Structure formats: C-alpha cells, structure tokens
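Good morning, colleagues. Please have the sequence and the three-dimensional view open while I speak.

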Amino acid sequence: MKKQVNLRGLLAPLLLVLAVLTGVPSWSSGEQNAENSLDEPTLHKRQLWPQSIRNSQGTVLCLIPAGEFTMGFTNSQNGNEANSDYPAHIVRLSQPFYMARYELTVAEYRKFTSSVGYKTIAEVQGWSRGFIADRCTWGHVENLSWLDPGFHQEDTHPVVCINWFEAIAYVDWLNTQEQPTTPSGRKMKYVLPSEAQWEYACRGQTATSYSWGDLADDGLTRVNGRDAGGGPDNTIWSDTFSFRDGFTVTAPVGSFPPNSYGLCDMHGNVSEWCNDWYDPNYYRVAPRDDPQGPQEGSLRVDRGGGWYSSPYGCTSFYRGKLAPEQRSANLGLRIALVLDEPY
C-alpha cells in the first residue's frame, strides 16, 4: 500500500517563510479552515478563510464571521435610556473580517516608531493624561508617554498614551508593509475597527452585558478592570468589581481567557480606539447594514474599558468617547483586517 504524502503539511512551513519575506499574511497558519458566507450577491460563493492568521509583524488575527447581532443594551442589561448605548438595534455585518487577538503591544508599536522615526505628541509635548493617585483622578501629568506611562510596562503589555491619529498612523504604516489578500486574491487592508465590528467581535455571539454573561462579578479571571484590590499607590476605588483581578494597572496581553472568537481582553485592560466619530443619538438613525458611524464629529469612539474602568465601563455595549487628540495611560488600540472594497 502506498503511503500518502501530506503535501499541505510539507508546504506549510515554506508558505510561512514566504509570507514573512513578501509581507503577505500567512494564510496557512490558521488553526483550522472555516467556511464563511461572504455574501457576494452575484455568485454567492462560499470560500475557506483560516480561523486565524499571523501577519508579517507577528500579530495574530482571528476570523470574525459575517452575521447579525443586537447592538446596544437591552432591558435585561445595565443600561439607561438616556445613555448613548440605547436603543438596542439589529446590525448586520455583511462581510467577514479579522480582529487582532490581543491589544497592540509596546513591542509592536516600537517596531513602527523605530522603523520610521515616529514620535508621538506625548513625547514631543512632554505630557499625557495620567492617573493622579493622591487625588484619585485623571489629569495632565508631565513626562508621560507610551515609553513611560507612569507605571512599569514590559514589551507584552498593551501600548498606551496613544491618541487616535497615532493609532491611525500605525495602521497606515502597517498597510505599507504588506499587501494582504484573501485566499481567493481579494485585496484587504488594516484599519481600526468600526464601532459595530468591535461590539460584534466583543460579544462573541452573546447577547449579554459581558461575553461571560450579565453578572459583573462572574468576571473573576476574565477581566482586568477597577477591582476590589484598589489602584496605584494603594488607591481605594469606588464602583468596583467585587473581586481582585491580580493587576493594579495594565496586564500583559492574553492574561485572561479569550472569548468564543479567540479574542482576549475585549473587556478591560485598556480602552480601544474605534474608527467612528461619536454621536450620542447615532443608534436612532444608524443603518442596519454595516454602519460606519456619523460622517463628522468632534469626538471619536473608544470601547471596552480599561484597568481603571468600572463594571459598567467594561460592558460589551458601553460607548466611550474622547477627542481624537486625547492620549491617556488607560487607552490603546486593536487592529482589524477587512476587505478593501465591499462586494
């Protein structure tokens, strides 16, 4: 009997090397292939996209399938009709996309700044928004930047003190390093996720306040937020999770288990910039299909909450908003990879 040769297994390492050398994401590095409807109106093709990929910078991105979900809070969740996360409404994302498994790390951001000699506004101006422990508040703190946010960080921690423009600068740079395509050859591009993409990915097919359920206190071993252990310099918090999460400030990315899509730290650790402008009334007029946010505004959306955030601020539906120039020791980013042109 002839022994069958697994060509896929033999070629996978070669494909991975070629991907790194040519700047193309390694489609052979996925854990498995998954069949996903790409909703192509004319052909209705079904294509195989890997469950995860690793790009030329070593960033792992997880597949988020196309689908529908309820965005915003429902009556069973901890919302308020006066808040901007109301009303709950059906959103349809017509295309699959990839989301980074982890928040962007210090090491990943350093690759960018070292490559092009980039300096952030916090470095140039010599200050950032930071936590002032003796007043238990946030404010202007001298000599803070992503290089030194006022507390110890290692390369595996999420980068912070990055404003929206500096997050976009990283994404734009990444698009110059690669020419990503789907397995069938369709062009893709790196972006900050839309607010709808972010919430859909965070929920991980759930309709509850958190990806683990509706109860904040069930988040033990799942979230780095404002906890019962207090903050920097023994700061005593109010409005906390009832448990100690083991971290006073940022935690190394991936310190907590992933959601059903394989994404870590969607709740807490650092709040994450989205691409959208913020409008408190947008949910009342947003389109059902692929909403991209208002056409203009003065504030940008941030999502997920961070190490300082209350249980409400860490929910799947909570909408943060900041001036795009704002930088903070509680604020970072996570990248997404999307089709360059819709079907």
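I shall take the sheet, the aromatic residues, the cysteines and the backbone in turn.

A word on the basis first. This is a predicted model, in which local features need pLDDT of at least 70 and side-chain atom pairs count only at pLDDT 80 or more, while totals for chains, interfaces and linings use all residues. Residues are numbered from 1 along each chain as its sequence is written, and side-chain values use heavy atoms, with hydrogens and water left out.

Let me begin with the sheet. Helices (H or I, at least four residues) and strands (E, at least two) are DSSP runs, numbered from the N terminus. Two strands pair if DSSP finds at least two bridges between them. An open sheet of 4 strands, with mixed pairing, has the order β13-β12-β11-β14. Its edges are β13, at 320–322, and β14, at 331–332, and each of these pairs on one side only. Within the sheet, β11 (residues 271–277) and β12 (residues 300–303) are antiparallel, with 3 bridges. Trp273 stands opposite Asp302 of β12. Across β11 and β12 lies helix α4, residues 164–177, which runs at about 85° to β11. For that angle, axes are lines fitted to C-alpha atoms, for helices over the stretch in contact (heavy atoms within 4.5 Å), and angles run from 0 to 180 degrees between N-to-C directions.

I turn to the aromatic residues. Rings of Phe, Tyr and Trp (its six-membered ring) pair if their centres lie within 6.5 Å; planes under 30 degrees apart count as stacked, over 60 as edge-to-face and the rest as tilted. By this rule there are 27 aromatic pairs. In one of them, the ring centres of Tyr200 and Tyr261 are 6.0 Å apart and the planes stand at 50°, so the pair is tilted. Because Tyr200 lies in helix α5 (residues 195–203) and Tyr261 in the loop between α5 and β11, the pair ties together parts that are 61 residues apart in sequence. Both Tyr200 and Tyr261 are buried, where buried means under 20% relative accessible area, exposed over 50%, and partly exposed in between (1.4 Å probe, protein chains only). Phe241 and Phe243 form another tilted pair, 5.2 Å centre to centre with 35° between the planes; Phe241 and Phe243 are buried too. One aromatic cluster consists of Tyr109, Phe112, Tyr118, Trp146, Tyr170 and Trp173.

Which rings does Arg226 lie over? A charge sits over a ring if NZ of Lys or CZ of Arg is within 6 Å of the ring centre and within 35 degrees of the ring normal. Arg226 lies over the face of Trp237, 5.9 Å from the ring centre, and its charged end also sits over the ring of Tyr308, 4.6 Å from the centre.

Now the cysteines. How many disulfides does the structure hold? There are 0, a disulfide being a pair of cysteine sulfur atoms within 2.5 Å. For Cys264, the closest cysteine sulfur, in Cys62, is 7.8 Å away, and therefore too far for a bond. Cys314 is likewise in no disulfide, with the sulfur of Cys202, the nearest, at 9.8 Å. Cys264 is buried at 5% relative accessibility, and Cys314 is buried at 0%.

Finally, the backbone. Most residues other than glycine have a negative phi, and most peptide bonds are trans. Tyr86 and Pro87 are joined by a cis peptide bond, with omega about 0°, and Pro87 lies in the loop between β5 (67–71) and β6 (89–93). Cys136 has a positive phi, near 50°. Asn269, in the loop between α5 and β11, has a positive phi near 75° and is buried at 0% relative accessibility.
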